[in-house]
Amino acid sequence: MNVLDIKLKKLDKIYVLNVMIYDNDEYNITTILLTCLDHLSTVSGNVVINTPKELSHSGITLTVDGSVQLQLSSKSVGMFEAFYNSLKPITMLHYTFNVASSGKFAAGTTEIPFEFKLEPLPGQTLYDTYHGVFVNIQYTIKCDMIRGILSKDIQKTIEFVVETPSPPAMIKSDTAPVNFLITPDSLSNFKKITKSDVPNFRVSGILNNAICNINDAFQGYLVIESADAVVKSVELQLVRVETCGCADGFAKELTEIQNIQIGEGDVCRGLQIPIWMVFPRLFTCITTASRTFKIEFEINLVIMLKDGHLITENFPIKLIRS
Amino acid sequence: MAEEKQATASSTSSPPVQQQQQPVYILATRNYDKDSKKLNGRETEKHPLGANWTVKPQQKEKETTPVVTTSTYLGSDDDPLLTSNNTVDPLSKAATEQQQRNTTVDPLAASIASMGGINTAHTSSKQMYHDESYIPWSTMKPAILQQYTNDDLNPIQLSFMSNTGMSGKVKISINRLNKILEELEQDKEEKQPTQLTQGDIIMDMETLYSELLKAWKAEDRVRALKISIQTAKLLSDISIIKFYPSKFVIVTELLDKFGDLVYDRIQSRLKAGQGKDPAKRNEKLYSDQAKETCRNWFYKIASIRELLPRLYAEISILKCYEFIQGDVNTEPTSVISRINAMIRGIGNPLVANYVRAYLARRAHDLAPEFKTYIITGLKDFVHAQKSYEKSKYLEDILATQRISLTDYLGLYSPSVEWLLQCLAHNGKPNILEEVLAIFRESKNSLLLNHIISSFPPEYICTNSTMFSNFIKEADSISYPKYQLYSTFGVNLVLGHPPKNQVLAILNDVWKVVSYFDNLKDYISVAEVFIEYVLTHCGNKEADIFLKDILRHVLPDKAYEGIQSHLQSIVLKILSHIQDFNVLVGLANFLPLLDLFNGESQKQISRSTLEALSTSTSSISDPVLINTFLTYGKALHDSLNTLSFQDEIRQVTQVIINCINKFDFGKDVEKQLNFYVDCRQTFINFDQVKFRLVLGVNTICQKTLALVRGKHTSKTSSFIRACIAYCFITIPSIDDVFLKMTLYLQSSGIAFQNQAMSQADSLLKAAITFVQEIPPILEFGQVKSTEDWTVQYLSNFISLLVVAPGHPENGPFYLIKALYKVVKDYPWERATTGKSRIIIQIMSLCSTWAQQNLPYHINNVESNDQLFAGDPDFTSELNEFYGLLIKDLLSELNILKDEPDPSTQKKMVYVCIDMINTTINIAELNPKSASLIYNLYNMAKKSIPSTSHSELTYLKNTLNFVGLQSKTSKLAGDLFIKLNAI
């Protein structure tokens, strides 16, 4: 059993930043103020000390930290040494509290409550929690119990999740369904095959929306109207596009988050096959752009043929939270 | 015995010869009529047992339980069984509790209500929704497992499926086990190159199932999910296609378990939040926690890469959506519709349709009234089916799996069946119309078949003409026509087609069926429609129908190949027409019966006889006698010594029941002739012969009654024929017990009918067979026959009381022969059977010594009339009596030395019995007095002080001696002496 633990009041550990929009005519700019309207953006919980016998300590501190970590893939390391500085972690949020000054805890369970509001450091913005490959946005609460010289210090760290709203401009933008049609003629990039060898096929479909609410599923349908070749599998690939850099240069990396099969085997022609994908938590966030990094998402519709050839159609999407 | 008594004119009647000799044992003569104390009856107001049966149900019901079954009879107040008025019958109590339990609010409903999710009304309607017409999945499972297997020899058995009848541990080879576990660990994607056999898959399932439970117990939810995914993946493999439906059953069994585990866990969390202690009550916290768990499951499942496992996993925990109502995309109907649409992504129509069936199964729990998605699913199915039929894959599959098209399409059956039954259950007419529309468009006969089988029979019947046309229209590729007609027929039987259409439908159908090329197809339909004819038409139509069948099956002995179908036709006829006289009236029925051979002949014979035996009226028709004897003979000949005892017993019972049905009224001669025929036919069945002899005895008595006790020369010769029948038949019975019983009974009958010499021979024969009674029987456990033998011999001796002595061999011929047999009989060691018989024979001697016998047979002169007062008779009787006493004493001497306490106990009883008998039957003289004294002494010494019953018996006996002392001085002395011991 842990001697030291942090328990948040909210079980799902998800905290939401609320948005208030002021249309300031005087300056003709839209100012976004992050305000803490309710408990959703107030993190509260308890530091729990559980000890079988008396426990003495030299003070307990709580550190809240929110930061963006940028990493470089091996291929872009050389390129970035020049502006290495910009790759330092960006701290968005930082608090330190003294939870308890030195003293003793009686045997049993002791709970010390704490509470703080999610507010960015001056000049910083809070972003969605996101676990990527080259970009990581993470919020943690760390609790340290300092003990005497003879005993080891005790530390406990937990992560909590922050959800931020999308810029209203993005939400307001056009939300019309996207029609698509894939035929041999629509293909552009041929690998190991010439255009004339491509078997005849015609796949059409609709995406309900290219701007997707992150809490909703990615939806649409496709119809394999005809295909001469045998279809092996139809898959949806969710890809993240992470860009690190600054004005001087940037590195753009594409990596797969998940691959979901929506058609197995030689799918029946002429039936509407639903496109449905739930965005995984933590690994996706709303489409984010800042001075030093960008997080964007794309979806690839992949039709695998029995002979090993792939037909891929790429759809850039925007993830929003309304 | 101690009641009626009285010593009499003691020494007066003893013959002078004996007075010169030393005192010997002498049988006393008594005047029973005078001596006996009359018991005075008195009228009673009620039967002693009647009180408990006074029925006052109405009055009590309210007091005892709120709900009492109407059949509860409560006794009157003084009923000792009813201690108080409040006593509740345990059964009705349980029933009441059951009812109360049912009415309590469903805990789940409460929890959902508290979550603000689905309203309670909706949930409770779910329970109301299923009625009897809904066939639960569990009843379909065994049939599927049985039908769809690649290996006909080994039935599919799984330890975790209760209805497969296998329990206990299954041995899984360690190698295989390790391999499966390894695969689980590695999560590898690539296909296994090795082909699994059906047995392998079943074994794997065993392992996976036990691993699932293990993982769940160890709280390793991720692993449990992985196992479920792994299992669901098995369903994408159609390599052993014949096994596929069964595989589906097994796999979904595991998935169901998984789904239930997840559901129960979340629900138990919710319940934890509703603890009674308000201080600890934290519903919000717990319900948040439960919701979060639930969401996590769905997120995890949504990220499963492969489509099929993802679908199966989501469907298995579909019910959990009710916990997170209010979240985005969780509205039950839209969830179900979405999953239903996603199934289109499965390329193989067989695989896809089984997912649909699984969805329909689990969706029932979430939204039972939501059905439209099934229609969409069926449309998809028909669409896919159509394009699949055209494609070359179908040919490939049929070729590689070596399976016929019909068989292949048959694989769809369980899934389509299930879908349609979900749809048709409580289905509204418009839903049915929509399904029919799908058929009209597709002409898919597989679909039609299941439409007919799952729709309410009444619906089919009222629209029978339409369906009949549908069948004609349906394509013949996807499902055989004869199957369609069979299914159609089954429904027609179940429902009530409009009266005026009954014949029209039949003619319509038969116009097609009658021209089927394949006889098997024809007979399969006929097998179903015979029932239709029997149910809805008259016997005349049935006869015509049978004629048509005969016309089809007779040429080229075609009936030999379709015995089982014919058999089922006959069985159906038998079950519908109870009265055998009507049955024989059908001109084409008996010819149908003639078509059977071999094993099916045996079965059909038996069924025919069974029907005959349950026939309501008694039978005397010669045609039926002939039928009975023919099929009885066939049945009889089919059994031999190797047949199972139980089978023989059942067959015997059937035949006996049939024999019971034959009644010729006053024509006893015909009856006897019938019995003669029966004996000839059923020569190997003991019980039948037993019944026959009893029957002959019955007709003897019947004749006796007809002539009012006085036989004419004609009837007496008939009686002699009857007794001769018995005399011949009885020895052929193997069972010695039956034989002995019959000898005794028949000789009694013979006496009554004044057939003296025959009665005598029967008794003689019985005596010779006494030796054959085995002292012990072994049927699993060893059982002594002593009691039976003693009882039987006692009855025998009772009959000897009135049996007149033999004219040449003297009056003691039979009893001495019997006595010799009893002495020589291999009695078991330390038993008192022999002694008890000897005492009975003494009583017989005493009876013979009287002036008048206590009972007589009409028109039979017994020994009292033949030998009364004959001094030779009396002296021989006394001599025999003395001999008996001597033998009894030596017998007692042997018993005395047995150390076993139970033998001692028995011995004591014999002693005391003997004392009582002696007092009753013997003249009390010094000799008999000293005998009594010695016996008493011996008994007293041998009784342990703790055996109260023996002590009481001894005491009563002593009192009895005391009573004698009023009339006899000797008895008084004896009483004083005995008291002194």
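The contact between the two chains draws on 26 residues from chain A and 25 residues from chain B, with two residues taken to be in contact if their C-beta atoms, placed from the backbone, lie within 7 Å. The model is a predicted one, in which local features need pLDDT of at least 70 and side-chain atom pairs count only at pLDDT 80 or more, while totals for chains, interfaces and linings use all residues. Residues are numbered from 1 along each chain as its sequence is written, and chains are lettered from A and ligands numbered from 1 in the order in which they are written.

On the side of chain A that touches chain B, β19 (249–264) and β20 (272–278) of chain A each supply at least two residues; helices (H or I, at least four residues) and strands (E, at least two) are DSSP runs, numbered from the N terminus. The largest share, seven residues, belongs to β19(A). By class, this side of chain A holds 13 nonpolar, seven polar and six charged residues. Here Ala, Val, Leu, Ile, Met, Phe, Trp, Tyr, Cys and Pro count as nonpolar, Asp, Glu, Lys and Arg as charged, and the others, Gly among them, as polar.

Chain A has two helices and 23 strands, whereas the secondary structure of chain B comes to 47 helices and two strands. Of the 322 residues of chain A, 27% count as buried, and for the 981 residues of chain B the share is 37%. A residue is buried if 20 or more other C-beta atoms lie within 10 Å of its own, exposed if 12 or fewer, and partly exposed in between, with C-beta atoms placed from the backbone. In chain A, residues 24 or more positions apart account for 72% of the contacts with a separation of 6 or more. In chain B, 72% of the contacts between residues at least 6 apart in sequence join residues at least 24 apart.

Strand β5 (residues 42–51) of chain A pairs with β10(A) in the antiparallel sense over 10 bridges, and Ser44(A) finds its bridge partner in Glu115(A) of β10(A).

Turning to chain B, β1 (residues 776–779) and β2 (residues 781–784) of chain B pair in the antiparallel sense over four bridges. The two form a hairpin with one residue between them, and Gly780(B) in the turn has a positive phi of about 75 degrees. Across the pair, Glu778(B) stands opposite Val782(B) in β2(B).

Helix α39 (residues 786–802) and helix α41 (residues 833–848) of chain B pack at an angle of about 10 degrees, with their axes 10 Å apart; axes are lines fitted to C-alpha atoms, for helices over the stretch in contact, and angles run from 0 to 180 degrees between N-to-C directions. This makes α39(B) roughly parallel to α41(B), a term for angles under 35 degrees, with those over 145 counted as roughly antiparallel, 65 to 115 as roughly perpendicular and the rest as oblique. Residues of α39(B) in the contact include Val790(B), Leu793(B) and Ile797(B), and those of α41(B) include Ile837(B), Ile841(B) and Leu844(B). The contact of α39(B) with α41(B) has eight nonpolar, five polar and two charged residues.

Helix α46 (residues 948–964) and helix α47 (residues 969–980) of chain B pack at an angle of about 150 degrees, with their axes 7 Å apart, and α46(B) is therefore roughly antiparallel to α47(B). Leu958(B), Val961(B), Gly962(B) and Gln964(B) in α46(B) meet Ala971(B), Leu974(B), Phe975(B) and Leu978(B) in α47(B). This contact has six nonpolar, two polar and no charged residues.

Conventions. Pairing = 2+ DSSP bridges.
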